[in-house]
Amino acid sequence: MKEKPLSSAEPLWRKNVDLPKFDKLQQSVKTDVCIVGGGITGITTAYLLAKEGVKVILVDADNILNGTTGHTTAKITEQHGLIYDELFKNLGEEVALKYYQAAKESNNFIKNTIQQQGISCGYEEQDAYLYTNDYYYVDKIENEFKAYNVLDIKAELVDNLPIQIPIKKGLLMPGQAQFHPLKYLHFLLHDAINNGLEVYEYTVAMEVERNKHTTVITKGDHRITCNYVVSASHFPFHDNEGLYFTRMYAERSYVIAGKTDSKVKGMYINVESATRSVRSATIDNEDYIIIAGENHRAGQGKSSIAHYEELQSFAKTYFDVDHIAYRWSAQDLTTLDKLPYIGPITDGDPSILIATGYRKWGMTNGTLAANVLASYILKHENNQYRELLSPSRFKADPMIKKLFTVNANTAKEFIKGKFSFTGDTKVDDLNQDEAMITHNKGIRIGVYKDKQDNIYSVDTTCTHLGCEVNWNQEDRTWDCPCHGSRYNYTGEVIEGPAKQPLKNISIDD
């Protein structure tokens, strides 16, 4: 019988790390730059700008570093899956080479910053490996290696791994790295604050108003007047013109961490489904194995607990892990051509900058984004990656094919939600910490009973574009299968593109 995972989820990175707390914005303010989102992109951008004397305000809807960045596996690598052969074939050698160079420069920025500033964050150089146990993917790995050779990327094909996982073929990229992301970013945040950065938590940015100056309007109806807005909020909080919800799709993934007596050297990820990513971490002189994977479209698929159990089974099969001490999940966005969107939200609006679509490689792409966005604001004209990453780009092939695929899936989920059967469960039959979906007078209602027997009921129609949300028992959230919006059990938005909460509705109405 499988051992059940822990009843509460928490990232390993939060162990014995005391992050600073900040007040909620209580009044209207003025600044040079308003950054929305306190993850690696927002904090690194603030760090770069504050060093140059730019007045910056950073706001986050929750606690800083509690979003995707706080739930990362924290690999610092240019090896982003089977990406270079795909870019080479679909977009050309120049695009593939530029993406590699951008990733390498970003990772060198992290390394150099850590060394120059003396940041104690567990930075370790490690070899990175792609591998497969599926004969179908052997050719794909070999083609990726050929692309590496054309792009002059140092690499080696291997038939075995330094760990006990058997493989059919692998691809080694030496000289990559891993670190403790919160300790690194805590330093950058502290340095930026010393240089004048203001930070406000629990401050929800709702909209951007443009008159003489650009203004961010918060949920509390306060106004942040500025020259530039940086949307580093995972999904762009302002999306009136770019229609980014049609140009990206959201995926969830899962991570577990268990103590081990034998530290794993190297970083590993397979190329087939189901994904298995492996790395080690040493926290407080204790060694952990971190295993991630089980990717699926947000709001779709089996229960979260089942995903954790699959990862736990993998850990027990290949590693000396008796107990899973930590587990957490994350959500990330993938663009149509798999390159992130970084730059002005539209060609005609340079005052609103966005960064999104990191495809689960946020340490590299978040750092890349910060450097590119800072170059716009500081008016440095020599950044060579602007055109490559421009959010306004559109390549007919392959992007138009992916556009149809993404939006066909959305249409399917929209229809599925409207006609889904809710079963015969009655509200009175709910156990504590359990949810159900029912109908009342033609309205699809989600009902959750907490551990104190309080009942919370919401209209399950997503306030973004009207899809029907599904219950996520692990996180106690209502997740939209169309565009990845997420709400807590009371209906409040915790992840966009939705801005308005789910409607609270009485089941007795």
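Modeller: Let's start with a cysteine: Cys-480 is buried, with a relative accessible area of 2%. Keep in mind as we go that this is a predicted model.

Biologist: Happy to. How far is the sulfur of Cys-480 from the closest cysteine sulfur, and in which residue does that sulfur sit?

Modeller: The general idea comes first: a disulfide is a covalent bond between the sulfur atoms of two cysteines. Here, the closest cysteine sulfur to that of Cys-480 belongs to Cys-462, and at 4.0 Å it is too far for a bond. The cut-off for a disulfide is a pair of sulfur atoms within 2.5 Å.

Biologist: Then how many disulfides does the structure hold, and which cysteines are joined?

Modeller: There is 1 disulfide in the structure. Cys-467 and Cys-482 are the partners, with an S to S distance of 2.0 Å.

Biologist: Nice. Where do the two partners lie along the chain?

Modeller: Cys-467 is in the loop between β22 (455-459) and β23, while Cys-482 is in the loop between β24 (477-479) and β25, so the bond ties together parts that are 15 residues apart in sequence.

Biologist: And is this disulfide left-handed or right-handed?

Modeller: Look at the torsion about the S-S bond of Cys-467 and Cys-482: it is about -100°, so the disulfide is left-handed.

Biologist: You mentioned some strands. In what order do they form the sheet?

Modeller: In general, strands of a sheet pair through backbone hydrogen bonds, either parallel or antiparallel. In this model, 4 strands make an open sheet in the order β23-β24-β25-β26, with antiparallel pairing. The edges are taken by β23 (470-472) and β26 (493-495); each has a single partner strand, so one side of each lacks a neighbour in the sheet. From one strand to the next, the twist averages 35°.

Biologist: Could we zoom in on one pair? Over how many bridges do β25 and β26 pair?

Modeller: Strand β25 (residues 486-488) pairs with β26 over 2 bridges, in the antiparallel sense. For Arg-486, the bridge partner in β26 is Glu-495.

Biologist: Last stop, a helix. Which residues of α2 are buried?

Modeller: In helix α2 (residues 84-91), the buried residues are Tyr-84, Asp-85, Leu-87 and Leu-91. Just after α2 comes Gly-92, with a positive phi of about 105°.

Technical notes: Residues are numbered from 1 along each chain as its sequence is written. This is a predicted model: local features need pLDDT of at least 70, side-chain atom pairs count only at pLDDT 80 or more; totals for chains, interfaces and linings use all residues. Side-chain values use heavy atoms; hydrogens and water are left out. Two strands pair if DSSP finds at least two bridges between them. Axes are lines fitted to C-alpha atoms, for helices over the stretch in contact, and angles run from 0 to 180 degrees between N-to-C directions. Buried means under 20% relative accessible area, exposed over 50%, partly exposed in between (1.4 Å probe, protein chains only).
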